Amino acid sequence: MNLGCLLASSFVLQLLRLPFIVETLPSVVKIGAIFTHDQKDSSTELAFKYAVYKINKDKIILPKTTLEYDIQYVPKDDSFHASKKACQQVKHGVQAVFGPSDPILGQHIHSICDALDIPHLEARLDLDAEAKEFSINLHPAQSLLNGAYQDVMEFLNWTKVGIIYEEDYGLVKLRELVRSPKSREMEVHLRQADPDSYRQVLSEMKSKEIRNVIVDTRPDHMHHFLRTILQLQMNDYKYHYLFTTFDIETFDLEDFKYNFVNITAFRLVDADDVGVRGILRDMERYQPAGNTILNKSKVIQAEPALMFDSVQVFAVGLRTLEQSHALRPANISCELEHPWDGGLSLINYINSVEMKGISGPIEFKEGRRIQFKLDLLKLKQHSLVKVGEWRPGVGVNVTDTAAFYEASSANVTLIVITILETPYVMMHYEKNYTGNSRFYGFCVDLLEAVAREVGFSYRLELVPDRKYGARDPETGEWNGIVRELMRHV
């Protein structure tokens with residue numbers, strides 16, 4: 001199937017039902033994008049260019065209109081320079097601005113777009129709780145992501161957890177995890193750490209026997225963090241790390257596969273989806289100047305995926321607008337501060353877009369994304385594998401519960417001490433029954449079902465003295481099942 005058809009299928013059928021209308025879109029629509037200098041020729045910029053290229057080439061979404069982009073590069077810590085570049089694009093006649101991903105620069109660019117009624121499409125984490133009239137953000141809201149983390153912690157029955165964050169705004173991101181009603185019965189240790197203090201903070205958590213850790217660290221420091229875990233020998237089955245990054249598949253976890261350490265994370269792009277695989281294959285062939293959108297493992301990171309989808313969303317909104325409105329040129333400037341009279345209609349149509357992108361199902365409410373799907377990934381001996389999903393309003397659905405209880409993988413066999421009691425545990429006395437097959441009854445069936453669901457091996461043994469257990473008043477010692485349990489605690 002044509003790639004454009006895959007992307008456009010959600011709205012093309014609706015368009016076919018509409019009566020013939022006169023085209024009201026201009027032949028060329030200008031859009032602007034702002035990237036920081038360190039993003040020049042990055043996968044995010046390439047994803048933006050590729051999205052425009054495919055829309056113009058396939059002519060499915062915009063059959064008679066061509067998108068023309070203007071890209072500007074700005075210093076990461078210079079909001080004045082970024083604002084100046086955005087005003088140049090406005091003067092050039094752009095009808096939407098994409099980016100930048102930097103949170104501080106993004107706020108400044110949005111203030112310009114909001115004042116001039118120009119749609120501002122973003123693919124970044126925004127911690128501002130207030131709705132923004134002229135902003136469309138493809139990144140899932142942090143409040144929803146915190147709900148996903150809470151659901152996973154609840155599923156894993158965590159009662160004691162450490163939260164390690166790096167950036168100053170990390171505390172703002174994850175504070176809901178500490179404040180939520182679900183966390184009131186949980187012992188939470190919150191620590192800020194960077195490469196200079198990873199060892200100190202992790203050593204503290206090890207000494208306090210904090211085995212469950214949520215990690216929110218910068219991607220470029222991830223290698224250092226993982227190496228520190230290895231150095232402190234915090235990489236066995238007793239530890240569980242839940243990473244907040246969507247890009248866990250892009251990191252080297254080879255050293256963690258064989259010690260049965262638990263590493264869990266969410267991903268936004270379902271690379272197993274047939275439609276997504278087709279798009280990624282086509283992206284792989286798009287290599288201007290030798291750069292690629294995908295990494296060496298043929299995996300796309302979340303940010304370029306969201307940037308690609310944001311261009312698609314804009315194009316779909318533009319095409320829907322054509323059914324009832326004419327799109328007038330944006331003859332505006334930052335100096336005059338007269339808002340664009342066509343901006344409000346365009347942003348409303350973009351806000352009403354519902355489609356499936358490479359980052360999953362897309363739907364907005366007041367410019368914020370309220371519909372998406374997260375794949376829950378878990379590290380196994382061979383690789384990271386999908387073990388469940390999370391959706392807003394639905395919660396977590398773990399499809400492979402055994403992945404979290406892999407005792408059998410570590411060659412661990414549980415010894416289950418029991419006593420004969422009809423109808424709970426009974427015994428076949430014939431010679432052809434051996435091992436666990438000698439036993440039958442309600443409790444035996446229940447044990448077998450639990451072992452199969454959780455994923456462990458066991459060996460049933462009868463308590464030698466055939467007693468449940470009582471305390472000898474003279475010696476103070478216990479007998480029966482209780483004695484066996486006390487011996488093996």
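This is a predicted model: local features need pLDDT of at least 70, side-chain atom pairs count only at pLDDT 80 or more; totals for chains, interfaces and linings use all residues.
At what angle do helix 2 and helix 10 pack, and how far apart are their axes?

Residues are numbered from 1 along each chain as its sequence is written, and side-chain values use heavy atoms, with hydrogens and water left out.

Helix 2 (residues 43-58) packs against helix 10 at an angle of about 30 degrees, their axes being 8 Å apart; axes are lines fitted to C-alpha atoms over the stretch in contact, and angles run from 0 to 180 degrees between N-to-C directions. That makes the two helices roughly parallel, a label for angles under 35 degrees. Helices are DSSP runs (H or I, at least four residues), numbered from the N terminus. Residues in contact (heavy atoms within 4.5 Å) include F48 and I55 of helix 2 and M307 and F308 of helix 10.

## The disulfide and a further cysteine

The structure holds 1 disulfide, a term for a pair of cysteine sulfur atoms within 2.5 Å, and this one joins C87 to C334 with an S to S distance of 2.1 Å. Because C87 lies in helix 3 (residues 79-92) and C334 in the loop between helix 10 (302-321) and helix 11 (343-351), the pair ties together parts that are 247 residues apart in sequence.

C87 is partly exposed at 21% relative accessible area, whereas C334 is buried at 17%; buried means under 20%, exposed over 50%, and partly exposed in between (1.4 Å probe, protein chains only). C113, which is in no disulfide, has its nearest cysteine sulfur, that of C334, 8.8 Å away.

Technical notes:
Angles under 35 degrees count as roughly parallel, over 145 as roughly antiparallel, 65 to 115 as roughly perpendicular and the rest as oblique.
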